[in-house]
Amino acid sequence: MYEKNKAGCMYCDSVCAHRDSLMIHICDFEHSKLYLFRDQKNRGRCILAFDGHATDLTDLSKEELDSSMGELMQVANAIHRGFSPDKINYGSYADTVKHLHIHVCPKYEGGPNWNGPFSDANPVYLKDEEYQEIINIFKKELNK
């Protein structure tokens, strides 16, 4: 079992300057929250963070796991429809940020990190209106 919220966790705290410096909230699902990664060298890169303070998939009940994976599928489908990547990479590490979250990283042939793991090197930051354009695509594709 896991804690509902853990004070000091960037995904549990309702206000977190560090989290907001790295990502922008897009929308909520039943069991998770979707954030747009500020580094957009891979257009559409986002993070799906589980609502409770679980640290591993094994902390979830079967129902929570099924629902969370359904939410992840919704995000992946929205990325495919909205951004047309050649591939999506997924990563769940939580080595230092001990909260269950999944990086969802669209990859484009000939683009950054094609044919290898996605990386945080050489970030690409956008203007506020460019982030909003990407968020609007997500919201449209997710019907949020």
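**How the terms apply to this predicted model**

Modeller: Lys62 has its place in helix 2, helices (H or I, at least four residues) and strands (E, at least two) being DSSP runs numbered from the N terminus. This is a predicted model, in which local features need pLDDT of at least 70 and side-chain atom pairs count only at pLDDT 80 or more, whereas totals for chains, interfaces and linings use all residues. Residues are numbered from 1 along each chain as its sequence is written, and side-chain values use heavy atoms, with hydrogens and water left out.

Biologist: Why does Lys62 count as exposed?

Modeller: Buried means under 20% relative accessible area, exposed over 50%, and partly exposed in between (1.4 Å probe, protein chains only); Lys62 has 63% relative accessibility, so the residue counts as exposed.

Biologist: What makes the approach of Lys62 to Asp66 a polar contact?

Modeller: The term asks for a pair of N or O atoms within 3.5 Å, where within protein one must be able to donate a hydrogen and the other to accept it, and where residues adjacent in sequence count only if both atoms are side-chain atoms. The side chains of Lys62 and Asp66 meet at 2.8 Å, and the pair is therefore a polar contact.

Biologist: What makes Phe83 and Phe138 an aromatic pair?

Modeller: Their ring centres stand 5.3 Å apart, and with 50° between the planes this pair is again tilted. Phe83 belongs to helix 2 (residues 62–83) and Phe138 to helix 3 (residues 128–142), 55 residues apart, and the pair links these distant parts of the chain. Phe83 and Phe138 are both buried.

Biologist: How do you know where strand 1 and strand 4 stand in the sheet?

Modeller: Two strands pair if DSSP finds at least two bridges between them. Five strands form an open sheet in the order 1-2-3-5-4, with antiparallel pairing. Strand 1 (23–28) and strand 4 (87–91) each have a single partner strand and stand at the edges, so one side of each is left without a neighbour in the sheet.

Biologist: What makes strand 3 and strand 5 a pair?

Modeller: Four bridges join strand 3 (residues 46–50) to strand 5 (residues 101–107), and the two run antiparallel. Cys46 stands opposite Val104 in strand 5, while the bridge partner of Ala49 there is His101. Strand 4 is paired with strand 5 over five bridges, also in the antiparallel sense, and Tyr90 likewise stands opposite Val104.

Biologist: Why is strand 5 described as largely enclosed?

Modeller: Seven of the seven residues of strand 5 are buried, so the strand is largely enclosed by the rest of the structure. His101, His103, Cys105 and Lys107 point one way, Ile102, Val104 and Pro106 the other way, and all are buried.

Biologist: Why is Asn42 called buried?

Modeller: Its relative accessible area is 2%, so Asn42 falls within the buried range. Asn42 is found in the loop between strand 2 and strand 3, and its side chain reaches the backbone oxygen of Pro106 at 3.1 Å.

How values were computed: Phe/Tyr/Trp six-rings, centres within 6.5 Å; stacked < 30°, edge-to-face > 60°.
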